[in-house]
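Me: I am new to reading helices. Can you take me through a model step by step?

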Amino acid sequence: MNFNNKIVQNSLRCLQHPATWLSIVFLFVNDHFLKAVYPSWITGKLSDFAGLFFFPFIVAAGLSFL
């Protein structure tokens with residue numbers, strides 16, 4: 001794997017950003033705790049937003065290795 005590629009480096013840098021980690025933690029807490037305690041459409045939308053925040057970075061990192 002070539003980690004010197006600028007696209008790979010940019011994708012990995014985006015995955016290391018604190019906002020990305022915060023959205024992953026928020027998604028985990030929301031899916032495993034908040035949805036069970038406070039089920040509503042808001043927890044579903046929060047889960048969608050958190051997932052849409054970091055998922056493109058994971059896809060970009062995966063595709064950049066190709």
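Reply: Start with the term helix: a DSSP run of H or I, at least four residues, numbered from the N terminus. Val-25, for instance, sits in helix 2 (residues 18-37). This is a predicted model, where local features need pLDDT of at least 70, side-chain atom pairs count only at pLDDT 80 or more, and totals for chains, interfaces and linings use all residues. Residues are numbered from 1 along each chain as its sequence is written, and side-chain values use heavy atoms, leaving out hydrogens and water.

Me: Where does helix 2 bend?

Reply: A bend is the angle between axes fitted to the seven residues ending at a residue and the seven starting there. Helix 2 bends by about 45° at Asn-30. Helix 3 (residues 41-64) has 24 residues. Helix 3 bends by about 30° at Phe-54, and Pro-56 follows within four residues.

Me: Is Val-25 buried, exposed or partly exposed?

Reply: Buried means under 20% relative accessible area, exposed over 50%, and partly exposed in between (1.4 Å probe, protein chains only). Val-25 has 48%, so Val-25 is partly exposed.

Me: Which residues of helix 2 are buried?

Reply: Thr-20, Ser-23, Leu-27 and Asn-30. Their cover includes helix 1 and helix 3. An α-helix has 3.6 residues a turn, so residues three or four places apart point the same way.

Methods:
Helix = DSSP H or I, 4+ residues; strand = E, 2+ residues; numbered from the N terminus. Expected span 1.5 Å × (residues − 1). Contact = heavy atoms within 4.5 Å.
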